[in-house]
Amino acid sequence: MRLALLALLTRSPAHGYELKQDLEKLLGAAYPQPNVGQIYVTLGRLEKSGLIEGEDVEQSGRPNKRTYKLTDAGREAVLAWFEDTAEEPRVRDEFFMKLALAPQSGLADPIALINRQRRQYLNTMRDLSKLAAAEDRDNKVSQLLIEGAMLHLQADLDWLERCQEELE
C-alpha cells in the first residue's frame with residue numbers, strides 16, 4: 001500500500017480520500033477496496049519516514065483536511081520500486097504445505113484436499129468471470145488484473161491435476 005500511495009502522489013499532492021478514490025478507479029472492483037483508515041495510517045507513517053510532507057488545508061464550515069506531497073526521498077523510493085523486480089515463486093504456498101503434511105498427520109486425505117482446493121479455484125474463477133463482465137470495459141487496468149488472476153488460477157488448476165496424477 002505504501003509504495004502505491006507514493007506512486008499516486010508523483011502526479012500531484014492529494015489527501016487520503018482522493019488517494020482511495022484514485023486506487024478504486026484505477027484498479028476497479030477486482031482489487032480489494034482499500035480501507036480509508038489504513039490509507040491515513042500509512043500516510044502518517046510515510047510522513048514520519050520523510051517520504052511525504054503533509055500540509056493542513058482550511059475548509060470553510062468543515063474540518064481542515066491534510067494534503068500530502070512527495071518528497072525527493074519519496075520520489076527515489078518510487079523509482080527504486082519500479083526498478084525492482086517482483087520475486088513471486090510460490091514455494092511457500094500454504095496449500096502445498098497442507099498437501100505435503102496430510103499423509104504425515106493421518107488427519108486429511110491428500111486427494112480430498114486437492115478436490116476441495118480445486119472447487120475453491122473454480123468458484124473464484126467463476127466470480128472473476130462475473131466481475132469481468134460487470135466491470136467497465138474501458139478500464140484496461142482492471143480488465144488486465146482480472147485476466148491475470150484468471151490465468152494464475154488456470155495454472156493452479158493445472159498444477160492440482162498434476163498433483164493428483166502423482167498422488168493417486
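Gln143 is buried, at a relative accessible area of 16%; here buried means under 20% relative accessible area, exposed over 50%, and partly exposed in between, with a 1.4 Å probe and protein chains only. The model is predicted, so local features need pLDDT of at least 70 and side-chain atom pairs count only at pLDDT 80 or more, while totals for chains, interfaces and linings use all residues. Residues are numbered from 1 along each chain as its sequence is written, and side-chain values use heavy atoms, with hydrogens and water left out.

Gln143 belongs to helix H7, residues 140-167 (helices are DSSP runs of H or I with at least four residues, strands are runs of E with at least two, both numbered from the N terminus). Leaving out residues up to four places away in sequence, Gln143 touches Ala132, Glu135, Asp136 and Arg137, where contact means heavy atoms within 4.5 Å. A polar atom of the Gln143 side chain lies 3.4 Å from the backbone oxygen of Ala132.

Helix H6, residues 110-134, packs against H7 at an angle of about 160 degrees, with the axes 10 Å apart. Axes are lines fitted to C-alpha atoms, for helices over the stretch in contact, and angles run from 0 to 180 degrees between N-to-C directions. H6 is therefore roughly antiparallel to H7; angles over 145 degrees count as roughly antiparallel, under 35 as roughly parallel, 65 to 115 as roughly perpendicular and the rest as oblique.

The axes of H7 and helix H5, residues 94-105, come within 13 Å and cross at roughly 10 degrees, so these two helices are roughly parallel to each other. At this pairing, Phe95, Phe96 and Leu99 of H5 meet Trp159, Leu160, Cys163 and Leu167 of H7.

The largest nonpolar core has 18 residues, of which Leu5, Leu6, Leu9, Leu19, Leu43, Leu46 and Ile52 touch the most other members. Such a core is a set of buried Ala, Val, Leu, Ile, Met, Phe, Trp, Tyr and Cys residues joined through side-chain atoms within 4.5 Å. Helices H1 (2-8), H2 (16-27) and H3 (36-48) and strand E3 (62-70) each supply at least two of its residues, and H1 gives the most, with 5. Beyond its neighbours within four places in sequence, Leu5 is in contact with Leu19, Leu23, Ile39, Thr42, Leu43 and Leu46. Another core, of 15 residues, lies apart from this one and includes Phe95, Ile114, Tyr121 and Leu157.

Definitions and conventions: Polar contact = N/O pair within 3.5 Å; in protein donor to acceptor, adjacent residues only side chain to side chain.
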